[in-house]
Protein chains: 2
Amino acid sequence: MANIHQVAKYAGVSVATVSRVLNDQGTVTAKTRIKVEDAIKELNYEPSMLGRNLRNSESRILLILIPTISNPFYSEIIKGIETAALKHNYNILLCETDSNPERENIYFDLVRKKMADGIISMDPAVNMETLMKLAEHHSIIQCSEYALDSGIPYVTIDNEDAAYRAVKHLIRIGHEKIALINSDEKFLYARQRKLGYQKALRENGIEVQDNYMFHTQELGFDQGRQAMRKILDLDDRPTAVFTVSDLLAIGALKEIHQHGLLVPNDIAIVGFDKIDFSNMTHPTLTTIAQPMYQMGTIAANMLIDKIKGNEVDSIVLDHELIIRESTSG
Amino acid sequence: MANIHQVAKYAGVSVATVSRVLNDQGTVTAKTRIKVEDAIKELNYEPSMLGRNLRNSESRILLILIPTISNPFYSEIIKGIETAALKHNYNILLCETDSNPERENIYFDLVRKKMADGIISMDPAVNMETLMKLAEHHSIIQCSEYALDSGIPYVTIDNEDAAYRAVKHLIRIGHEKIALINSDEKFLYARQRKLGYQKALRENGIEVQDNYMFHTQELGFDQGRQAMRKILDLDDRPTAVFTVSDLLAIGALKEIHQHGLLVPNDIAIVGFDKIDFSNMTHPTLTTIAQPMYQMGTIAANMLIDKIKGNEVDSIVLDHELIIRESTSG
DNA sequence: TTGAAAGCGCTAACAA
DNA sequence: TTGTTAGCGCTTTCAA
């Protein structure tokens, strides 16, 4: 594998000139440019990013911090990030923390050690203190989940309003006994969605009952089933359930079917995220659409902006209630 | 941000000594080690991988080439890759080609330009010529999909046998009119699975009918629905369908429900991959389990071995038929 | 328009 | 055991 010196020698010019044609920059005669390009072709030369990156003190890599790649919610955001990153000549390092602090730390080290130019954090379980300390010297953007007072820019949706509208929809179609399957309230989005749930109930004169609110450690199918099992065991059984993720909703759906009950006739369900699978279930899922792809592109563009040294502002994107079969006979 | 020189100066030693304690290598007195470690702490020094990588001519990054992150089949493999990579101090660059050659080329450039030390290719649509040319000078492993005569090591399963067993299961429970929803036969796995399908039929004296075999461009839900719609339109309607991916199967399932028919009573379905969602549908899906996580760890270990300069052998992993509700009343 | 040379931060061969 | 020094491959300033 040739290096820049050999190309320079072969072309009969200096390395500086080779570098200039490589970067389409500076002033190079058409004649010398051709000499250099010929040499490059002849020697099969590929400029090494290792050298360039060291010289430029950049890696052109964006670190994406997610809890798990298994949740399609994140896959869709990642698609957006990747497309935007590519457009600016960045690439993405995928980092699944599995909510494991040790693993998280390995990934943080990558930016400390200059292997990544910035971070898009989507992990609700991220250690905020560490993240904030890191943000003092590095470019970081929060995506979807965030801490308001961290001073770290974020892109997200209005979780409270989204939950509010989901529950209001259930009330509008006649439900009064509405359960909530939430995730752990240590997460901001969980607290926000709970607020929206409660607000919708109160506004309609429905009492908020503690025994109608459930919490899960993760946002998966199994957790949805387990929570739904508890709900089905309730003496005064709810006629509708609002879950904070489609995966939870799909688990709940399964459990309801298992008990020989029907959705939405016996129990209506609303999910959250509008992942692809929410349209594949039977019945299809009413859910809150988050603009995931857009969230990804925006987060990436914000990060790249920040890396450039620009000020960037946080942004709250629109969501949308998608009414489907699980709430309408 | 301090560099190694400043640490050396602060500690009153040479940069070589700092490098030695950094890499836990060479011979350093406990006393000097402590001096250096103190300096590191004092200056908040973090060694730059940019410098180290240039010096060592390595990036410690593994490039993962997948068609799309949306298919959970790949997510699970990626989990395996990431875990194995991390164990060896490698990180993974996620590259979705979307079966777009232009995008593929951008990613190939990353290894040409030393930004990645090797590739795990899982894209069935990969340009084999380019891949083989690249393999002359770079470490590459094929995962799941492969070209036998490429000379590039692979890890996969026995697709023909897997399909054979899936169809045989359908025959055993009494089906004779069995349709196939396959993907494009330009892919090796599609040809192999078709062979298995045909073999099972022939062995049991069932005629292979061309009008029972369908092809789709992608392995998704929508393609499954469309194919199933055609099957339902058939004059002599099959009583069972073997699909080459769970996503296709889920689409087929949906379409069958839509027509007011029941699975498995009216039509039985077998999927392929055992993605998490195959257990969330109603009914749950009979499917072929691929050891995805294991495939990921093995592929990563093979690649790391290859980067080290070792010979690595291709490997065929076991699969398993998982019988669930979609084939058993 | 081009070239010489310094230097990005690190490792390792060699010398002391 | 430690230090000196030569690069790894590139970009960029300065001078010609």
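The paragraphs below go through the domains, sheets and helix contacts of this predicted model. Residues are numbered from 1 along each chain as its sequence is written, and chains are lettered from A in the order in which they are written. Local features need pLDDT of at least 70, side-chain atom pairs count only at pLDDT 80 or more, totals for chains, interfaces and linings use all residues, and side-chain values use heavy atoms, without hydrogens and water.

Chain A is divided into domain 1 (4-47), domain 2 (61-157 + 292-318) and domain 3 (159-290 + 322-328); these bounds come from an automatic or database domain assignment. The centres of domain 2 and domain 3 of chain A, taken over C-alpha atoms, are 28 Å apart. Eleven residues from domain 2 of chain A and 13 residues from domain 3 of chain A make the contact, where contact means heavy atoms within 4.5 Å.

For residues 2-56 of chain A, an unreviewed UniProt entry carries the annotation "domain: HTH lacI-type"; such annotations may be inferred rather than shown by experiment. Over this stretch, residues 2-56, chain A is 69% helix and 0% strand, with 21 Å between the end C-alpha atoms. Helices (H or I, at least four residues) and strands (E, at least two) are DSSP runs, numbered from the N terminus.

In chain B, the axes of helix H1 (residues 4-11) and helix H2 (residues 15-22) come within 8 Å and cross at roughly 105°. Axes are lines fitted to C-alpha atoms, for helices over the stretch in contact, and angles run from 0 to 180 degrees between N-to-C directions. H1(B) and H2(B) are therefore roughly perpendicular to each other, a term that covers 65 to 115 degrees, whereas angles under 35 degrees count as roughly parallel, over 145 as roughly antiparallel and the rest as oblique. H1(B) contributes B:Ile4, B:His5, B:Val7 and B:Ala8, and H2(B) contributes B:Val15, B:Val18, B:Ser19 and B:Leu22. By class, this contact has six nonpolar, two polar and no charged residues. Here Ala, Val, Leu, Ile, Met, Phe, Trp, Tyr, Cys and Pro count as nonpolar, Asp, Glu, Lys and Arg as charged, and the others, Gly among them, as polar.

Further along chain B, the axes of helix H6 (residues 101-112) and helix H7 (residues 128-135) come within 11 Å and cross at roughly 5°, so H6(B) and H7(B) are roughly parallel to each other. B:Phe108, B:Val111 and B:Arg112 of H6(B) meet B:Thr130, B:Leu131 and B:Leu134 of H7(B).

Chain A has an open sheet of four strands in the order S7-S6-S8-S9, with parallel pairing; two strands pair if DSSP finds at least two bridges between them. The edge strands are S7 (213-216) and S9 (268-270) of chain A, each pairing on one side only. Strand S6 (residues 178-183) of chain A pairs with S7(A) over four bridges, and A:Ile181 stands opposite A:Phe214 in S7(A). Helix H9 (residues 188-203) of chain A lies across S6, S7 and S8 (240-243), running at about 170° to S6(A).

In chain B, an open sheet of four strands has the order S7-S6-S8-S9, with parallel pairing. Strand S6 (residues 178-183) and strand S8 (residues 240-243) of chain B pair over four bridges, and B:Ile181 has B:Thr243 in S8(B) as its bridge partner. Helix H8 (residues 159-172) of chain B packs on the sheet and touches S6, S8 and S9 of chain B. Helix H11 (residues 246-258) of chain B touches S6, S7, S8 and S9 of chain B, and its direction makes about 165° with that of S9(B).
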